[in-house]
Amino acid sequence: MRTTKTVQNILRNYEGENPGVKTNLARMLSEGKLGGTGKMIILPVDQGFEHGPARSFSVNAPSYDPHYHYQMAVDAGLSAYAAPLGPLEAGADTFAGQIPTILKVNSANSLLPKVAPKTQAITASVDDALRLGCSAIGFTIYPGSSQSLDMFSDIAEMRREAAAKGIATIIWSYPRGEDLDKDGETAADVTAYAAHIAALLGAHIIKVKLSTDHLSQPEAKKAFEAGQIAVKTQADRVRECVRSVLNGRRLIVFSGGASKGANDVLDDTRAIRDGGGNGSIIGRNCFQRPRAEAMKMLQDMIDIYKGKA
Amino acid sequence: MRTTKTVQNILRNYEGENPGVKTNLARMLSEGKLGGTGKMIILPVDQGFEHGPARSFSVNAPSYDPHYHYQMAVDAGLSAYAAPLGPLEAGADTFAGQIPTILKVNSANSLLPKVAPKTQAITASVDDALRLGCSAIGFTIYPGSSQSLDMFSDIAEMRREAAAKGIATIIWSYPRGEDLDKDGETAADVTAYAAHIAALLGAHIIKVKLSTDHLSQPEAKKAFEAGQIAVKTQADRVRECVRSVLNGRRLIVFSGGASKGANDVLDDTRAIRDGGGNGSIIGRNCFQRPRAEAMKMLQDMIDIYKGKA
Amino acid sequence: MRTTKTVQNILRNYEGENPGVKTNLARMLSEGKLGGTGKMIILPVDQGFEHGPARSFSVNAPSYDPHYHYQMAVDAGLSAYAAPLGPLEAGADTFAGQIPTILKVNSANSLLPKVAPKTQAITASVDDALRLGCSAIGFTIYPGSSQSLDMFSDIAEMRREAAAKGIATIIWSYPRGEDLDKDGETAADVTAYAAHIAALLGAHIIKVKLSTDHLSQPEAKKAFEAGQIAVKTQADRVRECVRSVLNGRRLIVFSGGASKGANDVLDDTRAIRDGGGNGSIIGRNCFQRPRAEAMKMLQDMIDIYKGKA
Amino acid sequence: MRTTKTVQNILRNYEGENPGVKTNLARMLSEGKLGGTGKMIILPVDQGFEHGPARSFSVNAPSYDPHYHYQMAVDAGLSAYAAPLGPLEAGADTFAGQIPTILKVNSANSLLPKVAPKTQAITASVDDALRLGCSAIGFTIYPGSSQSLDMFSDIAEMRREAAAKGIATIIWSYPRGEDLDKDGETAADVTAYAAHIAALLGAHIIKVKLSTDHLSQPEAKKAFEAGQIAVKTQADRVRECVRSVLNGRRLIVFSGGASKGANDVLDDTRAIRDGGGNGSIIGRNCFQRPRAEAMKMLQDMIDIYKGKA
Amino acid sequence: MRTTKTVQNILRNYEGENPGVKTNLARMLSEGKLGGTGKMIILPVDQGFEHGPARSFSVNAPSYDPHYHYQMAVDAGLSAYAAPLGPLEAGADTFAGQIPTILKVNSANSLLPKVAPKTQAITASVDDALRLGCSAIGFTIYPGSSQSLDMFSDIAEMRREAAAKGIATIIWSYPRGEDLDKDGETAADVTAYAAHIAALLGAHIIKVKLSTDHLSQPEAKKAFEAGQIAVKTQADRVRECVRSVLNGRRLIVFSGGASKGANDVLDDTRAIRDGGGNGSIIGRNCFQRPRAEAMKMLQDMIDIYKGKA
């Protein structure tokens, strides 16, 4: 594995970090067709936990099998594959060394009753990540939830342990909480704030959802207007998120949510590229398509990130 | 102990697991009359905890004695015997090496008041399992309960410790919670989801109840219909559960609930076999019958799993 | 110390246990006038915690002194003396080696407000028991309380530690909870269930209260009737408790509650003996009498257990 | 340091305790003008935490300085000085070896809102006590509070650690809780019960407030009357407290509360002496007086305890 | 690094502390243009966490970059720079050795719903501080909150660990809670009480907000009047705070809150100097100004502290 200048420059931003973590960041940044470009596409498959197996996989039955996802990530030349403990373990031997993996260490689900606290269960450990040869752990936080302080403390502690053991940390930062309405959850200001919190907590890579041009918090709205922060286009909003992760000193990737047309996905990809984002994390839009369609779409995304489209 | 090709193929699915855990899985898969077939019958006796001694044992008084269950499991040629700490310890010397044992490490009970949280008490540890020569720990989760996130975190942690010490983990996945009605607890979609969660948490063997053809969650119902997932017969529903445990890469066994006629039990057994399930976990239907009847029924089940009936 | 055949047979039931625990059980079973008979009388003095010093000791002023109880247990030839940390520590040197001691490691009190959770405080540790030369720890659980799951987990953990260090565990199993009325707390079915739970949790000795012929839980009532379980006499009810502690494979002792006439105490003793119980645990009925009367009563109890009365 | 026969006899009561703890008890019992008499006067200065600095110190401005208190304890020939971490640390070097110190390890304050749980924050550790050369830790419990079970468990654990490291434990036992009214908090029965609980928890020295002749708990009132326990005079009530700490086998000191006239303080002192108490713990009545007055009053107290007044 | 007599005298007040902590205090007291004077100016940048990135940085866009703050602290000759984990780590290499750093280890945020507990998340550890070469940790407490007891216990524990590892502790003491209105949060009595609590908890440096002449607690008001404590001028109020931190034996610095005119900031600075405070901790008033203006203002503050203005 050789690291490009681009990758070396990115690694240089992780000033306080040890070589173990940097090596794992370099692995993900050097893997696949985007290797060396500073851009990444990550395949995350934890929707079975979140929505149940039938809602996630029945539209494309082969995707019930964990090997399907491993193989697609390898064949499409992606940067990494993320999943909970069970499915990661089900292919860890077969695909050892073929693709960097990310162990998702906490999860929610759709069986939870309305009264349940707005948080997730910690379902795996840093030592599991080590044992399975993973490059990173993935952890979801819900900024805005009354449980968020505990989530922050939990990931701060896991991040510390992971980094000490040379494992990188990716934070999925999803605004959600008692005082946030649906529009607020994807508002431009709230999304940038969520990205900022993840960076402050020490995330090596931040994952947020693409946002809307809505501004939710009155005080923030004033600041966006006074500071003339553009939010009109998706690229504008990506740019503000990039600036909010320590002025671009941290990697940030974006997800697009529920299934949609391939053209919409590619438009999103261009916006991420144009706003200076580091890439995409894309699950349902991959495995809920027939494999051939998904492979084509992924190649198109790669071409966009490489500036060929 | 020699492992058959069938067993070796099953073990191969546990890719990330260490030889200690695989050896214990092999012990259960190679024991008794179903040894080597990839099918299992497990005798679980924790009903005294759940329902009290009189409701569990008085209909067949010899079953008050823990040795009764050990002996029945041995004599009937079953795959393993599961129980809480006290009764397991009461026969651990006498039956050492005669039958693989599973330490049930959490338990609920019928004395709990309605206001009690919907969870179980952790009543034994991994080190107890080691000390008593057990092959696995058993842990119940209640997907759907507001306490379920804590239960998931607890078993994730115990599973990690158990596997590190070479002990397998069996998860009893029982949907139960504030927003689930009685029909929902045994619905086809909810049962498959519960099985999936157990597999994601890293269970080596998953135990669920046989389900009905009811579909409880509206979004899941849509997916079942769109994906044309059959739920009409018990075998259909078993099949969807098997697919939901990492496309059959994990062992899954089924329980049938309260006492019923032997013919019903045998019908269940055929459905499990036809749907591709790995076997039965059967308690009250064994020890609440006169011993001779129970032994006959177990032999019939074994014949069905072996394809002789 | 020589162990009798009777004691050796009892010890044999503790199949999974190490020689350290068995030695301490043997010490209690071999001590005093009942030594070697398989019967025990234990003096517990934790009423000062539960009810306050004046209500416990002022009727017999010398009993304010912890040495009073140590000396009575020694002089009366009892099997063991149980108390919280403070009083045990106040005589540990003077009476070292003269009588096996049991450290009561959790306690409730009468100053607690009604809103307090129905549980007890853990007030001493296994290492305290080791340091003070104790043979066992004593722990109270409240089956039926919404806090009981935590109590079960706590004692499971302390039992594990105690046994690993060669200390036996005695569980005081007292039904008490939000859905149990006064009659339910001492009902025959609930008492047997409480004894069963203690045995499942791994108690080496179980302590319950003598029960009434009331049957509290409807499902249990049906089972008692269907199974023709006699509950008319106290001996009947003791017998069902004995059967509920792993078919008599665990030691079980009974307490009688508040002060009463010596004849009533002796009637209780006969019922325990006739029902196959292993003895008495008797506190207020000892130290709230003038010493001479108490000594006489204890001798009468011993004679009953020895079959001389 | 030579210990008198009186001190040696007191130490003998701590039967189960190690020489490290006994040495520290001996240090406090041998210090100052009451050294060797079995009586103690302790200066506690944690009122700044409880009531704020202005209410505590502005009436006598030099008392804002922690050295003021250290110096007064030394100059007046007291037995020990007790304070929270900050002030103790501010004089630990200057006064090293000049006076035994007690680290107050938990504290409440007057800024807490009414909804706050009735408990205290643990604000220092046993290792802090070791590091600062302290002879004891001081811990407040609130018998009667719904939080008291947790407080009991916390001090049980800290006491265990402290004793293992040779540090003595002093429990401030202050009845306070949801079902206790103001009269109940200082009632004779409740105070004796609170002293008893502290002794049961293993306190080496118990601190309670002087009580009134009110009897608060109906059942206790009956026992006081049946047992003819005198509560009319302060000396009577002190006597019942002494009896309630393991029949006088534990040291018990008394506090008088808010500021009052020197004559009242001296009357209290005589009552403590006459009732057999082991001394006074007196804070605000010392440092809220001009130094000369306080020194005179302390000397008068010493004379009373020495039987000279 | 040479320490001045002034610094040596300050260090002497930390009597119980080890040379490691004293060295780190000396580093901050010897750094920059105020080095050796006993005065400090600290630049804290955690407003992004508290208010979000847009509200904090968009008014002066270069301040999105963590290096901006490091560089300003160095160029202005300040005493130290404080920030959360992420931004500190983003410049730890580049600025290693150029300026003492303080790791802010807990944080709140503006996305929290109203129902959230009034506390902060612990977001970094003492070992993070060691790893990043920090001189101190910073921790916020909310005296007055129902969560404050837990916050006190948490910082007591972190302080113990930090000090044992040679790291100093700075407590941000911000009154806030269920029974405190807006006026109460900045009242003279409450502020002095908050400073006192931080000192009692063992803080090496205390940070409070400048207060108003309002007196909030009735009992404290009486004491202020009886003790003739002046609160009319800001210098008066600073003086009472200084006295409340162990009679000036601890360092105390003051913050001024939201942005305001440079003249107001300089007036505050004079009041802190005249009241005997040890300096300023000033964030938004630095980085929300154009850099040149901020540099000029900081130089003016330094001149005031040096007695040149």
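1. Let's start with Ser79(A) and its neighbours. Leaving out residues up to four places away in sequence, Ser79(A) touches Met28(A), Glu31(A), Lys39(A), Met40(A), Ile41(A), Ile99(A) and Pro100(A), where contact means heavy atoms within 4.5 Å. You will find Ser79(A) in the loop between α5 (66-75) and β2 (80-83) of chain A. Its relative accessible area is 1%, so Ser79(A) is buried (buried is under 20% relative accessible area, exposed over 50%, partly exposed in between, with a 1.4 Å probe and protein chains only).

2. A word on how to read this. The model is predicted: local features need pLDDT of at least 70 and side-chain atom pairs count only at pLDDT 80 or more, while totals for chains, interfaces and linings use all residues. Residues are numbered from 1 along each chain as its sequence is written, chains are lettered from A and ligands numbered from 1 in the order in which they are written, and side-chain values use heavy atoms, without hydrogens and water.

3. Now step back to chain A as a whole. Chain A has 15 helices and 10 strands (DSSP runs, numbered from the N terminus: helices are H or I with at least four residues, strands E with at least two). Its C-alpha trace spans about 55 × 45 × 40 Å along the principal axes. Of its 309 residues, 66% count as buried. Among contacts in chain A between residues at least 6 apart in sequence, 72% join residues at least 24 apart.

4. Two loop residues deserve a look at their phi angles. Most residues other than glycine have a negative phi. Asn247(A), however, has a positive phi near 55 degrees; Asn247(A) sits in the loop between α12 (234-244) and β9 (251-255) of chain A, and is partly exposed at 35% relative accessible area. In chain E, Leu246(E) has a positive phi near 60 degrees. Leu246(E) lies in the loop between α12 (234-244) and β9 (251-255) of chain E and counts as buried, at 3% relative accessibility.

5. Finally, how do the chains meet? Between chain D and chain C, about 3400 Å² is buried, with carbon and sulfur atoms giving 62% (buried area is the accessible area, 1.4 Å probe, that two parts lose on being put together, summed over both). In chain D, Glu15(D), Leu149(D) and Tyr193(D) lose the most area to chain C, together 21% of what that side buries. By contrast, no contact joins chain A and chain C, whose closest C-alpha atoms lie 18 Å apart.
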